[in-house]
Amino acid sequence: MAKDTPLLDVADLQVELITGQGVVRAVDGVTFTVRRGETVTLIGESGSGKSTTAMGVLRLLPEGLAVLSGSVRIAGRDVVADPDAARAVRGRTVSLIPQDPMTALSPVHTIGRQLGDALRLRHPELTRTEARDKGVELLGRVRISEPETRWKAYPHQFSGGMLQRILIATALAAEPELLVADEPTSALDATVQASVLDLLMELQEHTGIGMLMITHDLGVARLVSDRIHVMKDGRFVESGSAEEIVERPAEPYTRELLAAVPRLGTWDEDESSYGDGDGRIEPLVQGATS
Amino acid sequence: MPTYLARRIGQSLLTVFLTLTTVFLLVRLAPGDPASAYAAPSATSADLARIREQFGLDEPLFVQYGYFVRDLFTGDLGTSYSFHSPALDVVLDRMPYTITLAVSAIAVTTLVAVPLGVWMARRADTRRELGANVLTIAGQSMPDFWTGVMLLTVFAVLVPVLPASGFTSWSGLVLPTVTVAVLQLALISRLVRREMSTALASSYVTVARSRGVSESALTWRYALANSSVPLVTALGTRFAALLNGVVVVEVVFGWPGVGSLVVRALETRDYPLIQATVLVTATLAILVQLLVDLAYPLLDPRVRLGKAA
């Protein structure tokens, strides 16, 4: 792969979902790239097609219920044209950090088993003990305390924030060049969100991986992104650097998204409810500017 | 854990005792007279009265029940009227045959229905899945005597490769096993199909797929392990039912199990034999249920005995 080939090169991607109400074009021709060490964010409201884009890129949408067209090149291999290429890059070139950490690990297997399996998929030559040592080290890197004893614990014995760290460790086990983070913090508490984002940015700094971030949260987007694509009804309505989008939004839709960000202040019962779905980003923004 | 076990065993003993009491009363309240079933057709009413006295049936019901409970706690379930030997021994002689057939039928059911259900889940809503569904339901819908007789006709008469009846060699086990298993296949395979469809669509399978886990590992290791609790429950329930004997199949194949014994005991109003059969089969069924319950925390770490007890 040439040095200037993007890690992820999406061209005119369309995704049609077959639903009970007929065929829905969830993604309607999006084009973007993610390069090494870069974070590109797709932002939009629920149903804008951002998660469908992410799952489509990884070809993780249910076979037979989703029809993809256009091209998605991951490290030069087109996974739309060739499903085998998707299988080949998953867990090697690209990893996923899922939306809801509470349901993303098999509840009947220990986290050590699942993390160990991920390591041994990437490095089949590792013995169980070696995989364990490596896994414990990875858990330490994502700041899980007492990783040796936690290795044998089950997912239900962890909090959401800890599970998301474990999932980040599992994604890192693949030693990927590209991370797809599908709303990695939206199921977490405000304080935990900040620490998970910190961790992701720190890892990116150390490893130089590219990241495709999906979020509905402009605070998160501003904090982590190099470039932002604002998505609505399956299309990009506005694209630009994080600064451009946040400081000088051109589209009314983007301005609405910005206006939806609640301000940190005194509780006002009539106005809005600080702390609902979107009301947890202010501390992060402060963290970014301090 | 020991407290939990002690409590469960206590509950089980109580259940067996109440079941026995119910059966004791029901057989005596039901029409029919053991004495006339036992005596020669030429017996006079004086003969019948003598037989009743000999069996202790001339006593009032509560006195009979008192003797029954007293003897029960010494492990004596009375003497079978028709076999003239201890009723419990008669039943225990038959149990190995019933257990053999039940184990073999459940094993075959599991070996066929689980892969079939998995296959159906992976080909959900296709013509082939529909075909598999129709076939298994047809199997379940056929009366067992008919399935049995058809299998006998084909494999013991037209193409005589298997023995028609009795248990003289292991090949005698094949046809009864198949007959019983055919009845269970639809239930178990459809349960596996439903559980696997849910598991394969779940988030943890998608996430595991995203990290490169192979489709076969996703199916057999992730999805099936997460379907094991309902599967083991269903198999345990079916197994417990089979331990009570499969009357029709035993009669068709001349299988010397408990099922055919029950029929004979009921026909002759052989009260002690009926009670001994119920004691043994109820105890086994409850034991299987207990083992299934004890397996849950092994299959799913979220089931904690500490909280349940």
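**Reading burial, salt bridges and a chain interface**

Modeller: Start with one residue: B:Asp33 is buried, its relative accessible area being 18%. The model is predicted, and every value below is computed from it.

Colleague: Which side chain meets that of B:Asp33 in a salt bridge?

Modeller: The partner is B:Arg52, at 2.5 Å from N to O. B:Arg52 sits in helix H3 (residues 45-55) of chain B, while B:Asp33 is in the loop between helix H1 (2-29) and helix H2 (34-38), so the pair links distant parts of the chain, 19 residues apart. B:Arg52 has 29% relative accessibility and therefore counts as partly exposed.

Colleague: What distance does a pair need to be called a salt bridge?

Modeller: The nitrogen of Lys or Arg must be within 4 Å of a carboxyl oxygen of Asp or Glu. A second example is in chain A, where the side chains of A:Glu175 and A:Lys134 meet at 3.3 Å, N to O. A:Glu175 belongs to the loop between helix H6 (160-173) and strand E7 (178-182), and A:Lys134 to helix H4 (residues 128-141), so this pair ties together parts of chain A that are 41 residues apart in sequence. The relative accessible area is 37% for A:Glu175, which is partly exposed. For A:Lys134 the value is 28%, again partly exposed.

Colleague: Which residues are linked in a network of salt bridges?

Modeller: In chain A, A:Glu16, A:Arg25, A:Asp28 and A:Arg235 are linked in this way.

Colleague: How many salt bridges are there over all chains?

Modeller: The search of the whole structure finds 19. One pair is B:Arg221 with A:Asp117: B:Arg221 lies in helix H10 of chain B and A:Asp117 in helix H3 (residues 111-122) of chain A, so this pair joins two chains. Their closest N and O atoms are 2.8 Å apart. B:Arg221 is partly exposed, at 31% relative accessibility, whereas A:Asp117 is buried, at 12%.

Colleague: Now the interface. How many residues of chain B are in contact with chain A?

Modeller: On the side of chain B there are 18, in contact with 24 residues of chain A. Another way to read an interface is by area: the two chains bury about 1,900 Å² between them, and 61% of that is on carbon and sulfur atoms. Within chain B, the residues that lose the most area to chain A are B:Ser210, B:Arg211 and B:Pro301, which together make up 31% of what that side buries.

Colleague: How many residue pairs are in polar contact between chain B and chain A?

Modeller: The count is seven residue pairs, with both residues at pLDDT 80 or more. As for the helices, H9 (203-210) and H10 (215-226) of chain B each supply at least two residues of the side that touches chain A. The largest share of that side, six residues, comes from H9(B). By residue class, the side of chain B that touches chain A divides into seven nonpolar, five polar and six charged. Across this interface the rule finds one salt bridge.

Colleague: And chain B as a whole: how many helices and strands are in its secondary structure?

Modeller: Chain B has 15 helices and zero strands. The C-alpha atoms of chain B fill a box of roughly 85 × 60 × 30 Å along the principal axes. Of its 309 residues, 44% count as buried. The accessible surface of chain B is about 15,200 Å², with 67% belonging to carbon and sulfur atoms.

Colleague: What can contacts say about how the chain is put together?

Modeller: Take the contacts in chain B between residues at least 6 apart in sequence: 75% of them join residues at least 24 apart. Apart from neighbours within four places in sequence, B:Phe145 is in contact with B:Val248 and B:Val252. B:Phe145 is partly exposed, with a relative accessible area of 46%.

Colleague: How far is the C-alpha atom of B:Phe145 from that of B:Phe73?

Modeller: The two C-alpha atoms are separated by 39 Å, and the residues are 72 apart along the chain.

Notes. Residues are numbered from 1 along each chain as its sequence is written. Chains are lettered from A and ligands numbered from 1 in the order in which they are written. This is a predicted model: local features need pLDDT of at least 70, side-chain atom pairs count only at pLDDT 80 or more; totals for chains, interfaces and linings use all residues. Side-chain values use heavy atoms; hydrogens and water are left out. Contact means heavy atoms within 4.5 Å. Buried area is the accessible area (1.4 Å probe) that two parts lose on being put together, summed over both. A polar contact is a pair of N or O atoms within 3.5 Å; within protein, one must be able to donate a hydrogen and the other to accept it, and residues adjacent in sequence count only if both atoms are side-chain atoms. Helices (H or I, at least four residues) and strands (E, at least two) are DSSP runs, numbered from the N terminus. Ala, Val, Leu, Ile, Met, Phe, Trp, Tyr, Cys and Pro count as nonpolar, Asp, Glu, Lys and Arg as charged, and the others, Gly among them, as polar. Buried means under 20% relative accessible area, exposed over 50%, partly exposed in between (1.4 Å probe, protein chains only). Accessible areas come from the Shrake-Rupley method with a 1.4 Å probe; for residues, only the protein chains shown count as cover.
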